[in-house]
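Open your viewer and keep the selection tool at hand. This tour moves from one stop to the next, saying what to pick and what is there.

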Amino acid sequence: MSLALRVAVVTGANKGLGFAITRDLCRNFPGDVILTSRDEARGRAAVQHLKAEGLSPRFHLLDIDNLQSIRALRDFLWEEYGGLDVLVNNAGIVFTPDDPTPLHIQAEVTLKTNFFGTRDICTELLPLVKPQGEPDEGPKLCCFWHDPAPELCVRGFPFLCILSNICCFLPC
């Protein structure tokens with residue numbers, strides 16, 4: 001079991017917004033930060049980039065289209081940390097406007113990853129979320145139907161679940 005008391009996971013964190021959120025969590029979150037990527041080489045390269053900045057993320061391979069991959073992360077989190085404190089569901093795909101893939105295929109692939117993959121992550125990982133807040137109060141859930149400022153997402157909220165453009169917080 002890890003010595004860290006708290007753990008944050010960022011899916012799809014090898015580039016873009018996921019990488020930026022991982023960097024900010026590494027700087028501000030009082031615990032371990034797990035950077036996940038479906039491509040091991042790109043994920044490990046992202047971790048090395050952050051380590052060169054003096055940060056200490058951990059890497060875990062994760063393909064949200066693969067239930068075995070999701071369950072391997074779930075089992076790792078349970079065995080290493082006894083649960084999960086922060087989840088940032090950032091993994092997803094997008095086709096470029098000039099992509100020649102037929103629209104019906106783009107829709108199918110996009111839904112498989114961005115909806116069903118995210119649903120599977122939530123189904124497998126949300127039961128691991130550790131209770132937060134005062135002992136006499138249950139967790140509080142607030143949902144924002146827009147993307148909040150990144151500073152809000154990574155500071156002061158121990159749980160964050162981004163579902164496409166839906167951002168849900170479970171504050172302390």
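Begin by selecting R74 and E124: the two form a salt bridge whose closest N and O atoms are 2.5 Å apart (a salt bridge is a side-chain nitrogen of Lys or Arg within 4 Å of a carboxyl oxygen of Asp or Glu). R74 sits in helix α3 (residues 67-81) and E124 in helix α4, so this pair ties together parts that are 50 residues apart in sequence. Helices here are DSSP runs of H or I with at least four residues, strands are runs of E with at least two, and both are numbered from the N terminus.

Before going further, a word on what is on screen: this is a predicted model, in which local features need pLDDT of at least 70 and side-chain atom pairs count only at pLDDT 80 or more, while totals for chains, interfaces and linings use all residues. Residues are numbered from 1 along each chain as its sequence is written, and side-chain values use heavy atoms, with hydrogens and water left out.

**Stop 1: around E124**

Stay with this pair and colour by accessibility. Is E124 buried or exposed? E124 counts as buried, at 11% relative accessibility, whereas R74 counts as partly exposed at 24%. The classes are buried for under 20% relative accessible area, exposed for over 50% and partly exposed in between, with a 1.4 Å probe and protein chains only.

Now extend the selection to R71 and D75. Salt bridges that share partners join R71, R74, D75 and E124 into one network.

**Stop 2**

Select R58 and D32, where the closest N and O atoms are 3.9 Å apart. R58 lies in strand β3 (residues 58-61) and D32 in strand β2, so the pair links parts 26 residues apart in sequence. R58 is partly exposed, with a relative accessible area of 29%, while D32 counts as buried at 19%.

Next pick E40 and R44, a salt bridge with its closest N and O atoms 3.0 Å apart. These residues are 4 apart in helix α2, which means that about one helical turn separates them. Both E40, at 40% relative accessibility, and R44, at 44%, count as partly exposed.

**Stop 3: the nonpolar cores**

Switch to side chains and select V10, L25, F29, L35 and V88. These have the most contacts inside the largest nonpolar core, which has 17 residues. A nonpolar core is a set of buried Ala, Val, Leu, Ile, Met, Phe, Trp, Tyr and Cys residues joined through side-chain atoms within 4.5 Å.

Colour the contributing elements next: β1 (7-10), α1 (16-28), β2 (32-37), α2 (40-52) and β4 (86-88) each supply at least two residues of this core. Helix α1 gives the largest share, 4 residues. Then select I64, L87, A91 and I121, which are among the 16 residues of a second, separate core.

**Stop 4: a surface patch**

Show the surface and select L111, F115 and F116, which make a nonpolar patch of about 300 Å². L111 belongs to helix α4 (residues 103-125) and, at 49% relative accessibility, counts as partly exposed.

**Last view: the whole chain**

Zoom out to the cartoon. The chain has 5 helices and 7 strands, following the pattern β-α-β-α-β-α-β-α-β-α-β-β along the sequence. Of its 172 residues, 42% count as buried.

How values were computed: Patches are made of residues with over 30% relative accessible area and no salt bridge: like charges are joined within 9 Å, nonpolar side chains (Val, Leu, Ile, Met, Phe, Trp, Tyr) within 5 Å. Accessible areas come from the Shrake-Rupley method with a 1.4 Å probe; for residues, only the protein chains shown count as cover.
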